[in-house]
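Here are my notes on the model, point by point. Please read them with the structure open.

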There are 2 protein chains.
Amino acid sequence: MAVTLADVARRSGTSTAVVSYVMNNGPRPVAPATRERVLAAAAELGYRPNRIARALRAGTTGVVGLVLADASNPYFAALARSVERALERRDTLMMTGNAGYLPGRQQHMVERFLAAQVDGLIVVSADGGADVAAQAVAAGVPSAYVHHRPVPGQAPLVSADNDVAVRAAVEHLRGHGHRRIAFLSGPHDAGPVAERRDAWQRAASSSGPEPLLLRCDYSREAAARLTAELIAGGTMPRALIAATDEQAIGVLAAASAAGLPIPGRLALMSCDGTPDSAYTAPALSVMEQPLDAMAEQAVALLLDRAPASASLPAAHLVARRSCGCDA
Amino acid sequence: MAVTLADVARRSGTSTAVVSYVMNNGPRPVAPATRERVLAAAAELGYRPNRIARALRAGTTGVVGLVLADASNPYFAALARSVERALERRDTLMMTGNAGYLPGRQQHMVERFLAAQVDGLIVVSADGGADVAAQAVAAGVPSAYVHHRPVPGQAPLVSADNDVAVRAAVEHLRGHGHRRIAFLSGPHDAGPVAERRDAWQRAASSSGPEPLLLRCDYSREAAARLTAELIAGGTMPRALIAATDEQAIGVLAAASAAGLPIPGRLALMSCDGTPDSAYTAPALSVMEQPLDAMAEQAVALLLDRAPASASLPAAHLVARRSCGCDA
DNA sequence: CTGAAAGCGCTTACAG
DNA sequence: CTGAAAGCGCTTACAG
């Protein structure tokens with residue numbers, strides 16, 4: 001059916017070894033004249049190398065698996081795009097799997113990726129679940145967590161420092177005259193969200209009244225519902241830092257529906273800084289995570305066996321309109 | 001290194017054939033006692049089947065490739081999630097590639113997927129470029145376009161009827177009292193966007209003054225820039241249908257920045273109906289594409305060799321706030 | 001510089 | 001119901 005190396009060898013009057021050397025530019029030299037004949041034969045026959053056969057023999061597939069906690073979340077989606085770009089620079093393909101915040105599904109995706117013999121595994125996990133990246137490492141597959149790592153977790157983690165940026169966000173809102181700055185966290189804190197909440201707690205409590213801690217699921221819907229309740233109950237704070245862009249977008253939607261002016265009545269900031277955050281209404285002021293750098297470091301960790309350097313830039317503040325700037 | 005079928009066979013005192021029959025539940029029967037021994041050995045050794053070896057021998061990888069014109073566009077992103085769900089029901093993995101609206105990159109991704117021996121290929125393309133799905137079919141790989149097909153294009157296309165829905169959108173805006181209804185199209189029309197524009201043109205011209213046709217790239221940024229210019233120039237229409245959610249989100253952002261009230265000064269609708277459109281500020285009134293049905297049909301086409309049925313539901317109108325409803 | 005051959009880990013006729 | 005063996009399409013020692 002399909003054209004094979006053996007076909008090309010036959011047509012060019014050489015051996016499969018030589019054809020392989022030509023197709024891969026090595027590892028052995030080939031005489032120029034022979035090379036020409038092989039190339040001509042391959043072109044005539046329309047030869048396309050079978051990567052599966054290569055993978056079985058060479059023990060490397062050129063594919064990396066990416067498991068995402070939630071592909072609908074703009075932060076995870078943007079991270080996936082960054083990872084894809086980093087992989088492409090190394091001529092590596094990406095398989096994706098969406099865990100939907102379900103530990104069982106996450107485990108299942110990892111099993112399937114391991115069976116597919118991926119050359120590496122990147123896990124962008126949510127709270128809970130097993131230490132799947134460590135399982136993969138135990139199976140001989142280089143693996144890393146990005147953004148979040150379960151506790152306890154043995155595999156390396158690539159994550160930016162949230163502390164500095166959240167403190168800057170609190171200071172920024174103070175600069176707009178706010179004394180009470182609330183925080184919208186996840187259903188239970190872990191990983192980066194816990195870091196952000198801690199940083200906020202320390203910064204916001206340092207002076208003035210006890211700050212308000214809000215919680216909801218990581219979804220637009222949940223954040224919108226919570227926001228609608230706060231507005232209806234008259235308990236909406238005047239300044240709020242949302243743990244994620246996803247939640248901030250939900251807040252924006254509900255505030256718009258209820259006619260609550262932002263930033264007039266509510267100054268809002270959030271902590272992912274996805275590309276989406278620049279085109280909300282109003283535009284979100286954010287602490288922007290260095291997604292490309294995180295993806296590059298994770299991929300280098302897996303594919304180049306680079307050590308996890310500490311050189312990741314910290315998330316930094318991007319002031320737009322929702323905090324009260326440019327108002 | 002890794003545990004193989006042969007290891008399990010040795011441990012259980014059987015042959016690789018029997019182990020294979022047990023692992024795959026067929027195609028030959030195995031005596032219950034033998035099966036137990038095999039299963040026990042596999043569990044003890046922590047055997048994990050090598051899908052690459054299986055793929056080489058069986059000629060099927062259990063992987064489908066998805067090429068996306070633009071992974072940042074919420075419509076394409078939502079479609080990718082639908083495709084992944086449809087594939088998961090068939091226990092099939094997905095590889096993704098992002099063409100970034102570049103025909104050369106699209107071609108490159110397809111080559112790589114073919115080399116990786118995907119069992120099928122789904123192309124969500126943009127204007128221009130080669131008939132890559134037809135190339136894949138010629139190479140023996142079942143392929144289909146979803147949403148858009150290049151001209152001329154030989155491979156099957158899965159796409160919902162846009163005509164009815166756009167007409168309904170025009171009627172809906174008329175019901176809000178609008179006579180002049182503008183349309184924001186792509187840089188040059190083709191495929192579904194051309195269908196939408198045609199439907200608008202016919203419906204909007206049927207009575208009253210000549211309608212306004214606007215154009216910009218499929219990006220939030222381009223739509224925001226255009227919107228800012230229209231507002232500054234005092235030429236912003238009072239009713240507008242955007243070809244895509246992506247563009248509508250850009251319009252919303254620029255309108256918010258300029259203080260142009262929506263729907264008060266501008267009634268806006270758009271034509272994708274992604275999940276994102278429900279959480280913009282204000283919420284977008286849309287014609288919602290049947291993404292899950294489209295994905296399911298495309299996957300059935302490839303994997304079940306099902307004929308492209310005409311039973312796809314048409315995009316339907318979801319009225320939210322941006323058109324003037326609930327105002 | 002080139003060729004004949006082994007072997008990656010499976011599945012599947014073929015024989016018993 | 002079970003086993004010995006061929007073969008999927010490559011890469012890579014090994015010999016020449």
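1. Asp276(B) is buried, with a relative accessible area of 13%. Buried means under 20% relative accessible area, exposed over 50%, and partly exposed in between (1.4 Å probe, protein chains only). Asp276(B) sits in the loop between β9 (267-270) and β10 (285-288) of chain B. Helices (H or I, at least four residues) and strands (E, at least two) are DSSP runs, numbered from the N terminus. Not counting residues up to four places away in sequence, Asp276(B) touches Arg220(A), Asp276(A) and Pro74(B). Contact means heavy atoms within 4.5 Å.

2. A word on the basis. This is a predicted model, in which local features need pLDDT of at least 70 and side-chain atom pairs count only at pLDDT 80 or more, while totals for chains, interfaces and linings use all residues; side-chain values use heavy atoms, with hydrogens and water left out. Residues are numbered from 1 along each chain as its sequence is written, and chains are lettered from A and ligands numbered from 1 in the order in which they are written.

3. Now the chain A–chain B interface. About 4,100 Å² is buried between chain A and chain B, and carbon and sulfur atoms give 56% of that. Buried area is the accessible area (1.4 Å probe) that two parts lose on being put together, summed over both. Chain A puts 47 residues into the contact, and chain B puts in 47 residues. The rule finds 8 salt bridges across this interface. A salt bridge is a side-chain nitrogen of Lys or Arg within 4 Å of a carboxyl oxygen of Asp or Glu. Arg112(A) and Asp91(B) meet in a salt bridge at 3.4 Å, N to O.

4. Which residues touch the most other members of the largest nonpolar core? They are Met95(A), Phe113(A), Met95(B) and Phe113(B), in a core of 38 residues. A nonpolar core is a set of buried Ala, Val, Leu, Ile, Met, Phe, Trp, Tyr and Cys residues joined through side-chain atoms within 4.5 Å. Leaving aside neighbours within four places in sequence, the contacts of Met95(B) include Val63(A), Leu93(A), Met94(A) and Met95(A), along with Leu66(B) and Phe113(B).

5. Leu66(B) lies in strand β1 (residues 63-68) of chain B. Leu66(B) is buried, at a relative accessible area of 1%. Leaving aside neighbours within four places in sequence, the contacts of Leu66(B) include Ala80(B), Met95(B), Phe113(B), Ile122(B) and Val124(B).

6. Domains of chain A next. The assignment gives domain 1 (5-49), domain 2 (61-158) and domain 3 (163-289 + 313-318). Domain bounds come from an automatic or database domain assignment. The C-alpha centres of domain 2 and domain 3 of chain A lie 28 Å apart. Their contact takes 11 residues from domain 2 and 15 residues from domain 3. The area buried between these two domains is about 960 Å², with 60% from carbon and sulfur atoms. On the domain 2 side, Pro74(A), Tyr75(A) and Asp127(A) lose the most area to domain 3, together 51% of what that side buries.

7. Over all chains, the structure holds 38 salt bridges. Arg220(A) pairs with Glu246(A), the closest N and O atoms being 3.0 Å apart. Arg220(A) is in helix α10 (residues 220-232) and Glu246(A) in helix α11 of chain A, so the pair ties together parts 26 residues apart in sequence. Arg220(A) and Glu246(A) are buried.

8. In chain B, Arg196(B) forms a salt bridge with Asp272(B), with closest N and O atoms 3.1 Å apart. Arg196(B) lies in helix α9 (residues 191-205) and Asp272(B) in the loop between β9 and β10 of chain B, so the pair ties together parts 76 residues apart in sequence. Arg196(B) is buried at 1% relative accessible area, and Asp272(B) counts as buried at 1%.

9. Please check the backbone at these places. A cis peptide bond joins Ile262(A) and Pro263(A), with omega about 10°. The bond from Ile262(B) to Pro263(B) is cis, with omega near 10°. Asp91(A) has a positive phi of about 55° although it is not a glycine. Asp91(A) is partly exposed, at 43% relative accessible area.
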